[in-house]
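Colleague: Please take me through the aromatic side chains of this model and what surrounds them. A close look at one part will do.

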Amino acid sequence: QKVQFTEENVDHVDFSPKPDAPTLTPGEVVDLGLSVKWASCNLGASTPTEFGGYYAWGETSTKEEYSEDTYSYYDKSTNRYTDIGSEIGGTSYDAATVNLGKGWRMPSVGHLKELMMCKHEWTQVDGVNGYLFTGPNGNTIFLPAAGLSSYTIGFNSGKLFYYMSSTKIEKISNYCLIRNNDGDLTIFSWKVDNGVSIRPIY
């Protein structure tokens, strides 16, 4: 197929072979033909196959240990969790908004369900396990199996697939997109103090 471009619209021409996986620049958004655009990389990553950072729900920075005792919104003396709301997308508790700026946010459970409706397959990209999602318009994003971090489980990258939503289901759990033991993609509740990956939306 022949495609023509005017000279002033061409920055450079790259004749290198097309890679097998998306190679999108950090911060770039991908239009899958859904209600929102999705980041090409996890929060804290610079390529689609990098895991990026791990975040507890409502916390905006990474840390060494993820447990109830280190969770910002748990008071050990009273054994109670601080109520920061049931939907934190776009607020000061949203790690994507705080780290990337206005317009960026964590996906809600509704956004994760919409992503699940896309064609998806468990595959390997550059030796990394994960899901390749193909939107209605044919564009793709890759979400690596970055594992998660908790006091008892630890990082289990390459096998466990957990992605955080901005939506809480109860005082100690929020909704996550996960790959269950049967190998199926599903929405599941997960403990808020665990360290989980975030794929921002715009």
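**Rings, cysteines and a buried serine**

Modeller: The structure holds 0 disulfides. This is a predicted model. Cys118 has 5% relative accessibility and so counts as buried. Cys176 is buried as well, at 0%.

Now the rings. The count of aromatic pairs comes to 12. Take Tyr131 and Phe161 from among the aromatic residues. Their ring centres are 5.0 Å apart and their planes stand at 75°, so this pair is edge-to-face. The cut-off that decides it is an angle over 60 degrees. Where do the two partners sit? Tyr131 belongs to strand β6, residues 128-134. Phe161 lies in the loop between β7 (140-144) and β8 (162-170). The pair therefore ties together parts that are 30 residues apart in sequence. Both Tyr131 and Phe161 are buried.

Phe161 has another ring partner, Tyr163. Here the centres are 4.9 Å apart. The planes make an angle of 50°, and the pair is tilted. Tyr163 has 1%.

Elsewhere, tyrosines gather. Tyr71, Tyr73, Tyr74, Tyr81 and Tyr93 form one aromatic cluster.

A tryptophan ring meets a charge instead. The charged end of Arg179 sits over the ring of Trp122. The distance to the ring centre is 3.8 Å.

Ser166 is at 0% relative accessibility, so it counts as buried. What does its side chain meet? The side chain of Ser166 makes a polar contact with the side chain of Arg105, at 2.8 Å. Leaving aside residues up to four places away in sequence, Ser166 also touches several others, among them Trp57, Ser86, Glu87, Ile88 and Gly89. Met106, Pro107 and Ser108 are on the list of contacts too, as is Arg105 itself.

Methods:
Residues numbered from 1 in each chain as written. Predicted model: local features only at pLDDT ≥ 70, side-chain atom pairs only at ≥ 80, totals over all residues. Heavy atoms only, no water. Phe/Tyr/Trp six-rings, centres within 6.5 Å; stacked < 30°, edge-to-face > 60°. Helix = DSSP H or I, 4+ residues; strand = E, 2+ residues; numbered from the N terminus. Buried < 20%, exposed > 50% of the residue type's maximum accessible area, 1.4 Å probe, protein only. Lys NZ or Arg CZ within 6 Å of the ring centre and 35° of its normal. Disulfide = S-S within 2.5 Å. Polar contact = N/O pair within 3.5 Å; in protein donor to acceptor, adjacent residues only side chain to side chain. Contact = heavy atoms within 4.5 Å.
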